[in-house]
Amino acid sequence: MTTSASVPPAPEGAITGDGSVTDRLLDANRVYADAFTDPGMDARPVLKVAVVACMDARIDLHDALGLRLGDCHTIRNAGGVVTDDVIRSLTISQRKLGTSSVVLIHHTNCGLEALTEGFRDELEQEVGQRPAWAVESFRDVEQDVRQSIRRIRTSPFVPHTDDVRGFVFDVRTGLLSEVEGA
Ligand SMILES: [Zn+2]
């Protein structure tokens, strides 16, 4: 068994190496740190916003939203769904680090649309233990954005829920569409 994951060809100008993907990342980090200067920032996000988004590799949140270092909290998971752990992060973000707006981002062609809650049965059969977490799969991406917004608005822990908006990112055009009626 090899320990290196299959690595796609690096774009021109990228740092390459013969090691694992992690070694490649570490090489890149040394270059990054060489040019890095301490921005002298506070931990509180400048724009007072938390962005909750799917972990999908095709979404570059900072570029897509014109965000810069220090601007926002980014909270990502499979689907960008509002789980208890997202509520935990939002609670800390708002109560301890001064954010008051939330932007939710789901996207077209999400891997969660191809899953069902039956994934938990598969896991149980394979490893003999049923996961405690829900898969949070969905069929209607806009409906799932609405549900995510509702979970934030109804949480007793999240104090600022006036400015919570949800969007679907189109992975082919790069455009966000706002989900209405939440
Ligand atoms: Zn996704």
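In which loop is the place of Trp133? Trp133 is found in the loop between α4 and α5, where helices (H or I, at least four residues) and strands (E, at least two) are DSSP runs numbered from the N terminus. The structure is a predicted model, in which local features need pLDDT of at least 70 and side-chain atom pairs count only at pLDDT 80 or more, while totals for chains, interfaces and linings use all residues. Residues are numbered from 1 along each chain as its sequence is written.

The predictor's confidence in each residue is expressed as pLDDT, on a scale from 0 to 100. The mean pLDDT of the protein is 92, and 90% of its residues reach 70 or more. Over residues 1-5, pLDDT stays under 50, and the model has five contacts beyond four places in sequence for this segment; two residues are in contact if their C-beta atoms, placed from the backbone, lie within 7 Å. Where pLDDT is low, the predicted coordinates should not be read in detail.

The protein contains five helices and five strands, and from the N terminus on these elements follow the order α-β-α-β-α-β-α-α-β-β. Along the principal axes, the C-alpha atoms fill a box of roughly 50 × 50 × 35 Å. Of the 182 residues, 23% count as buried. A residue is termed buried if 20 or more other C-beta atoms lie within 10 Å of its own, exposed if 12 or fewer, and partly exposed in between, with C-beta atoms placed from the backbone. Among contacts between residues at least 6 apart in sequence, 61% join residues at least 24 apart.

The five strands form an open sheet in the order β2-β1-β3-β4-β5, with mixed pairing; two strands pair if DSSP finds at least two bridges between them. Strands β2 and β5 (176-178) stand at the edges with a single partner strand each, so one side of each is left without a neighbour in the sheet. On average, neighbouring strands of this sheet are turned by 25 degrees against each other, direction ignored. Such angles run from 0 to 180 degrees between N-to-C directions, and the axes are lines fitted to C-alpha atoms, for helices over the stretch in contact.

Within the sheet, β1 and β3 pair in the parallel sense over five bridges, and Val49 has Ser101 as its bridge partner in β3. Seven bridges join β3 to β4, which also run parallel; here Leu104 stands opposite Gly166 in β4. The pairing of β4 with β5 is antiparallel and comprises three bridges, and the bridge partner of Phe167 in β5 is Glu178. Two helices pack on the sheet. Helix α3 touches β1, β2 and β3, and its direction makes about 175 degrees with that of β2. Helix α5 touches β3 and β4, and its direction makes about 160 degrees with that of β4.

The largest nonpolar core has 28 residues, and those with the most contacts inside it are Val52, Val102, Leu104 and Ile105. Such a core is a set of buried Ala, Val, Leu, Ile, Met, Phe, Trp, Tyr and Cys residues joined through C-beta atoms within 7 Å. Two or more residues are given to this core by each of β1 (49-54), β2 (72-77), α3 (84-97), β3 (101-107), α5 (141-153) and β4 (163-169). The largest share, five residues, comes from β1. Six of the seven residues of β3 are buried, so this strand is largely enclosed by the rest of the structure. Leaving aside neighbours within four places in sequence, Ile105 is in contact with Val51, Ala53, Cys54, Gly80, Phe167 and Phe169.

Not counting residues up to four places away in sequence, His73 touches Pro45, Ala50, Val51, Ser93 and Thr99. The C-alpha atoms of His73 and Ala50, 23 residues apart along the chain, are separated by 4.5 Å.

By contrast, none of the 10 residues of helix α4 (residues 118-127) is buried, so this helix lies largely in the open. Helix α4 is followed by Gly128, whose phi is positive, near 80 degrees. In the loop between α4 and α5, Trp133 is exposed, with 10 other C-beta atoms within 10 Å. The C-alpha atoms of Trp133 and Thr83 are separated by 9.1 Å, although these residues are 50 residues apart along the chain.
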